[in-house]
There are 4 protein chains.
Amino acid sequence: LCDLDLVPLDQLFFGGIDICPGHLPEAAAAVGSSSRTFSREMLEAIRPGLEAIDADIECDRDFEWNSRGSAYSARTLNEVVDQLRANISRFKRRHDLKRIIVLDLASAEPTPRAAPAHAELRLLREALANDDRQVISPSIARALAAFMEGCPYVNFTPNLGAGIGALEKLAAENSLAYCGNDAKTGETLLKTVLAPMFAMRNLHVMSWEGVNMLGNNDGRALSDTERREAKIRNKEDVLPKLLKYPVHAGVDINFVPSLGDWKTAWDFIHFKGFLDVPMTMQFTWQGCDSILAAPLALDLVRMAEFAARHGETGPMTQTASFFKNPIAVEEMAFFPQFENLIRYAEIHLARGGSGRNISARKVSAIGDR
Amino acid sequence: LCDLDLVPLDQLFFGGIDICPGHLPEAAAAVGSSSRTFSREMLEAIRPGLEAIDADIECDRDFEWNSRGSAYSARTLNEVVDQLRANISRFKRRHDLKRIIVLDLASAEPTPRAAPAHAELRLLREALANDDRQVISPSIARALAAFMEGCPYVNFTPNLGAGIGALEKLAAENSLAYCGNDAKTGETLLKTVLAPMFAMRNLHVMSWEGVNMLGNNDGRALSDTERREAKIRNKEDVLPKLLKYPVHAGVDINFVPSLGDWKTAWDFIHFKGFLDVPMTMQFTWQGCDSILAAPLALDLVRMAEFAARHGETGPMTQTASFFKNPIAVEEMAFFPQFENLIRYAEIHLARGGSGRNISARKVSAIGDR
Amino acid sequence: LCDLDLVPLDQLFFGGIDICPGHLPEAAAAVGSSSRTFSREMLEAIRPGLEAIDADIECDRDFEWNSRGSAYSARTLNEVVDQLRANISRFKRRHDLKRIIVLDLASAEPTPRAAPAHAELRLLREALANDDRQVISPSIARALAAFMEGCPYVNFTPNLGAGIGALEKLAAENSLAYCGNDAKTGETLLKTVLAPMFAMRNLHVMSWEGVNMLGNNDGRALSDTERREAKIRNKEDVLPKLLKYPVHAGVDINFVPSLGDWKTAWDFIHFKGFLDVPMTMQFTWQGCDSILAAPLALDLVRMAEFAARHGETGPMTQTASFFKNPIAVEEMAFFPQFENLIRYAEIHLARGGSGRNISARKVSAIGDR
Amino acid sequence: LCDLDLVPLDQLFFGGIDICPGHLPEAAAAVGSSSRTFSREMLEAIRPGLEAIDADIECDRDFEWNSRGSAYSARTLNEVVDQLRANISRFKRRHDLKRIIVLDLASAEPTPRAAPAHAELRLLREALANDDRQVISPSIARALAAFMEGCPYVNFTPNLGAGIGALEKLAAENSLAYCGNDAKTGETLLKTVLAPMFAMRNLHVMSWEGVNMLGNNDGRALSDTERREAKIRNKEDVLPKLLKYPVHAGVDINFVPSLGDWKTAWDFIHFKGFLDVPMTMQFTWQGCDSILAAPLALDLVRMAEFAARHGETGPMTQTASFFKNPIAVEEMAFFPQFENLIRYAEIHLARGGSGRNISARKVSAIGDR
């Protein structure tokens, strides 16, 4: 995998759109000191880089989901999408970039009700024209803008984003690659690793209860019942898909401010062995959310750039092992998902050498935090 | 896998050799009541079957490793092996069996020092003739007897058994299949499931500490430092092989009588993520040892019978997923091991149908408890 | 404590009122086999005793809280209370009992809104006369009936029961002892043991998150949001009272049918030490709910009988260590609560010898399961 | 407790004797960065203070227990003790201190075999004169030096120190207060909190297995079997003393370098409830060793100074709650121990006001790290 000609990190430019931009070095310092992850030495070393990115972050409060249950302010959806596109192209011109990858890192949003416009591109365009906010959630608007602007789209969030038929068609029309949804960094990752073992050993899982605690902004957003719905569904759906039988699988997500970025999950697995004897396994996962997520986000951007550079379009199924609910992939088990990634790399490596001689390009990632 | 034409359980005959035979129904009742696994209804239902097996269990105290560090009594090794062979052939004749599978379920024994006779069959035969007890441990004697009597051999224990070059040659000479060592039912199983995930996610494991507690006879044997050596080595070797770098991996095995058959393991995994941030995972596994082991033992016997019936000889590498230290297999990760088993089954199924029409045979397993 | 002249178990008669009486031996067998607690031998030994009790259990569906949010059927509150009283006195006459202790073991009920009638006995009597079901919840009705019938009352449940000012006055008028609420058998017991240690060591608790899972009828009742309200409040209130500062203390109660009677709780405690360094403690408690509760229920009945026999009236504050929310007691820490119990016993022992020569009496407990 | 007139921290002078003095600010920085406890800001703020202490730390390698099983170099025991006394008096003169408290913080040492000289002061003096190293371990030598120099002595370590009859007499002769042994900061603290609860609830503890992992210098010393003997005995003795019946109580201490100062303990408690139903509790404690120990060490020094100032001599039984194996105290339960401390404070407060008007004094602590 390491031999694949992914774009080096130092050739990426980062910009973004944020609801409340703040100042990146301060935000990093706050995370570092509350979660005890970065030393002051490290923060000082990366300060110039963070300040450069700061200059490329634009403010757009329209993606904040407010308490009245509505995401957009005075502007119409059309205006919102147009402004997103303008942001992207401005960033591209400013740094003379060859290609932009849109990485969606926004907080969880309430799931919009299923609508015919989600399945059909024509209807989705009408919804955009009619400013139909019941149909077009902020993440859908962002995926729309990315695709209209010719950018591959990576959805790190539990939100729908590009995961609807209508946007699948738009991506195909515009020959764009995309992937998502909902990066798996802890509990769900472990479910997709452990559940296959129970199946292979004929140990029948009766109940699998999971409790997730976290104290960062993500946790705050998820303390809203409506907004955590999609995430919980993604987490709960994994088990029946893996085990092929119904399981009593509860998932709690609790906001515990003192934990900051330290996501702590406890899972309890109640299973039956030979002669129906009940047994238990439990685990506690104490991981730092941002630290687990960051390398996945970077690699997904690099995978999307690689796919785009090689003219690949449609859902990037090779990235299934990164997601709780991978688009266009049925396989939920982590190891076969990862083998697909290896196979993808092997095909590329076999095809034309490592491609190390492909001339360096400026590529860029634009992230909506 | 289920379509493979393994011998049905009701066509197996069970016999055995035990150091202190006791009465099986009583032993089952004791396990059932202390570990609360079998109901009295179940015990009554299986009593006739257990009594029939009882009649086929012969007593041989020569495999007990006594406190003076020696396993055999007055008899020479030659006499010991001859008696084992006589036991096997007597059992075969008594029930007019087509084939005997020897399943080694003895307690852990001290590992004999490495000797040239382990590598070369001629020297091993000399050691047998010379009654060299430094070289031929009880498990080696049992594997020898099995192979000399023409029986496939399954080593469920951490002991050397057939896992030495000399016996490999004897098995080849006699065209016999065999497998081992050290069935994985709990902590080590989980290590071979979880460690690959840490590798695939570039999470560097710094320490992996495991504590195993159990209160059955196995636990009593393992409370002897010398006797647990092989088991601990098998448990510790797994991680560096899986991760390809040295890991601080301690394994404690503690005898806790009150737990009876309920093996309880706690593992603590200390790992580094992105930017070297240290994180932890811990799990507790509470499983009933016999209940987890029994179906593996049965399936290994059936796999060995299947291999023998199809003329397969040598190490049964398709069974690697059953063992902590699979003979002749480098791969330590559970999922690729299991895929090999699936592939083995697929090849057989593709070759000649499920073979369901192969006429029923009497096959039998003989276990040394 | 053991020297206190509590009534021996074999001098107690048990009867009861149940919403769906079933057959006790079958109920015991079901619990025993699903939770693997009772052996068949034990069940057979106690069958005659259970059948005798069965004959003294009367059916009254009026305490079931139905989905329409109302507890009483066609009858008025007055009729309900009268029937309860009739049940009690019939039981007393049938066995020629000296004294009845009413033990409330019903499921959680929605907490009635606070009302002036809870504080004042005259108003409570009016509410009874006016059939005001907003004010008189089933547990209040049961406590009323007990007190009107001259019986001490033990409230094992999270429901209000006798814990309102109006009933305090009625108990005083009738010279009756009573205690409650909400027996502590697991997580909350541990909170009242551990939290004082954090305080005494100046370790500042930032968050204390608890998850409770259980699969019995209690668990089923508590899966109703309205009905678990009182229980969660009792569980949450404990920490701020113990620590004297606000703590982020979440409590989840999840219904996990496969666990049956095995209540499993996981608690995560996030605390700060010297120099504000954050640390964690977590525990898992795997206890059998009925097995933990039964001896507490029996001892409370015996304590109530003892108090009544010695002419003690009012809240039995000596039993505070049994309850999550002890009536008329501010102290929440387990050890000082238990010391009060010891002191109570010492005073009695000092006063008149162990009273062993007090002539044997027939005493009885009547339990609403 | 807070109203007690303990000496304020800013009136303490710190000096010490160390086997490998190093440079304190660097040592603090190393601990801070490896265990992520101190920020660089804090380290910079305390640098001048640490440097001042550095100047008062003298080097004496004689307390290092080397691999050949002997602690003292070329010097005789007499020379060793004399040098210790000289160190103390030099420090006292240099800062014109009123009183020195000797705080023993050395690593675990092998326990010397019981000898008559431990019981009788005359024999101990003879052993000192005869340079009998079998009898006088380094901690005994340190306690001797403290008492001969007229200093109260606090033994934070598992070593014998002043906990022998001979030194008890010397302390009495010299009218000195002292306390120890083996501060409890994690697992054992919890044992002394939890075990009484099991007793009070009649839950019979069958097994209590504890695993301790740590990676600091203490952990390194304890990875030596001989040296951890005393500590393990202190940890194991606690339970039978608390429960009054024999318990299967194993304690493992494992050196896990990656953990640094983060002491992680897992305890597993197997207990029987009503009808002998077996249940379990387990907990994981993740605490920072130095951070938990430091405030205890400071408070013990202040308690010793307070005792000395008020003319109290002999074992400071009021400090029992600080220790695993408190000298001259039978009570092992944490809460009654703490109550004794409260009572001690109340007596002092009742006696003469808080004594706040006692003129400020220079007091000092000298620690052997």
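Colleague: What share of the contacts in chain A comes from residues 24 or more positions apart?
Modeller: Those residues account for 76% of the contacts with a separation of 6 or more in chain A. Contact means heavy atoms within 4.5 Å. This is a predicted model, where local features need pLDDT of at least 70, side-chain atom pairs count only at pLDDT 80 or more, and totals for chains, interfaces and linings use all residues. Residues are numbered from 1 along each chain as its sequence is written, and side-chain values use heavy atoms, without hydrogens and water.

Colleague: How many helices and strands are in chain A?
Modeller: Chain A has 12 helices and 11 strands. Both are DSSP runs: helices are H or I with at least four residues, strands are E with at least two.

Colleague: And what percentage of chain A is buried?
Modeller: Of its 369 residues, 58% are buried. Buried means under 20% relative accessible area, with a 1.4 Å probe and protein chains only.

Colleague: Next topic: what does the C-alpha trace span along its principal axes?
Modeller: In chain A, about 65 × 55 × 50 Å.

Colleague: Switching to copies. What rotation superposes chain A on chain C?
Modeller: A rotation of 180°, with 0.1 Å of shift along its axis, and the RMSD is 0.0 Å. That is the relation of a two-fold axis.

Colleague: Which contact residues recur?
Modeller: The same surface serves both copies, as 100% of the contact residues of chain A recur in chain C.

Definitions and conventions
Chains are lettered from A and ligands numbered from 1 in the order in which they are written. Buried means under 20% relative accessible area, exposed over 50%, partly exposed in between (1.4 Å probe, protein chains only). Copies are superposed by least squares on the C-alpha atoms of residues with pLDDT of at least 70 in both.
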